[in-house]
Structure formats: C-alpha cells, structure tokens
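I opened this notebook to record what I looked up in one structure. The entries follow the order in which I worked.

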Amino acid sequence: MGKFYDEDLDQEELKKEYLKLNSHCTFKTAEELKEKVEEYFLTCYQNQRPYTMSGLALWLGLSTQTLRNYEKNYGDTEYADIIKIAKQRVEEFAEKSLYENGKTSGAKFVLQNNFSWSDRQDVNLSGEVNQIVKLEDVL
C-alpha cells in the first residue's frame with residue numbers, strides 16, 4: 001500500500017503541507033500570517049491606537065477566542081510562534097500602560113482577562129503556629 005504523503009519531506013515541511021491541505025487557517029503560509037500581523041501593529045502605531053487582542057483578531061479575520069486558541073490548535077509550528085509573539089506585543093503594550101497616568105484600570109483589565117495576571121495574593125498557610133503576637137503588643 002502506498003504512502004499518502006511524500007516520504008522525502010522533513011517533519012517541518014510535512015507540517016506545512018498538512019496545514020495547507022487541512023487547516024481552517026485563512027493564511028496558507030506562515031509568512032502571509034506574519035505580514036498581516038506586522039501590518040496590524042504598524043497601522044495601530046501610525047494611527048496612535050492601542051494594540052489589543054480583539055483588534056488583532058479582527059484584523060486577521062478571526063474571532064478573539066480563535067486567536068486565543070491558536071497556540072493550542074497549531075502546536076509547534078511557525079503559525080503558533082507568530083501568534084505567541086504578537087500576543088506578547090499586545091501584553092507588553094498593556095503592561096507599559098500601567099505606568100502611564102490615567103490608563104491603569106483598562107490595562108489591568110486587559111492583563112487579567114487576556115494574560116492570566118492577578119491582583120490577588122494567594123497565601124498558603126500550613127503548619128503550626130509557633131508564636132502568637134497580639135496586635136496590642138506591636139502598636
């Protein structure tokens with residue numbers, strides 16, 4: 001029985017061929033995706049608009065959820081790497097906004113909802129209490 005793929009292709013080329021034939025991705029090459037991502041950031045910069053996940057998704061013709069799942073869906077491919085870097089640029093933009101006057105609440109929202117940041121502190125208390133200190137003793 002014959003093979004259904006070209007045995008001479010290395011693993012990376014085989015992944016590319018698979019994505020071309022079976023992907024729901026609208027970008028047939030990683031280079032095409034990269035150009036579109038760079039176009040988004042350049043347009044935002046030129047028009048003094050913030051970098052956002054929803055803006056990037058719309059620019060790419062994707063839903064925001066699809067963009068968030070891109071890494072999982074495309075695994076260890078150039079496609080996923082391009083999206084990881086793009087998401088990192090959006091995150092960095094929001095993070096820098098935390099240091100600018102008047103923009104902290106929006107940036108905080110973006111970081112918490114898109115990048116798993118948290119403003120709470122998880123404290124794990126286990127073990128025995130060796131010393132009890134009363135508040136009145138330290139005040």
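**Entry 1: a glutamate and its contacts**

I began with Glu-91 and set aside its neighbours within four places in sequence; Glu-91 is then in contact (heavy atoms within 4.5 Å) with Leu-111, Phe-115 and Trp-117. I noted that the model is predicted, that local features need pLDDT of at least 70 and side-chain atom pairs count only at pLDDT 80 or more, while totals for chains, interfaces and linings use all residues. Residues are numbered from 1 along each chain as its sequence is written, and side-chain values use heavy atoms, with hydrogens and water left out.

I placed Glu-91 in helix α5, residues 78–97. Helices here are DSSP runs of H or I with at least four residues, strands are runs of E with at least two, and both are numbered from the N terminus. Is Glu-91 buried or exposed? I found it buried, where buried means under 20% relative accessible area, exposed over 50%, and partly exposed in between, with a 1.4 Å probe and protein chains only. Glu-91 has no salt bridge, a term for a side-chain nitrogen of Lys or Arg within 4 Å of a carboxyl oxygen of Asp or Glu. The nearest side chain of opposite charge is that of Lys-87, 8.7 Å away; Lys and Arg count as positive and Asp and Glu as negative, while His and the chain ends are not counted.

**Entry 2: Leu-60**

I then turned to Leu-60, which lies in helix α3, residues 53–60. Its relative accessible area is 3%, so Leu-60 counts as buried. Not counting residues up to four places away in sequence, I listed the residues that Leu-60 touches, among them Phe-27, Leu-33, Val-37, Leu-67 and Ile-83. From C-alpha to C-alpha, Leu-60 and Leu-33 are 8.1 Å apart, although 27 residues separate them in sequence.

**Entry 3: a loop residue**

Where does Gln-48 sit? I found Gln-48 in the loop between α2 (30–46) and α3. Gln-48 is exposed, with a relative accessible area of 75%. Its phi is near 50°, a positive value in a residue other than glycine. Most residues other than glycine have a negative phi.

**Entry 4: the whole chain**

Last, I looked up the protein chain as a whole. Its secondary structure comes to 7 helices and 0 strands. Of its 139 residues, 24% count as buried. Among contacts with a separation of 6 or more, 45% join residues 24 or more positions apart.
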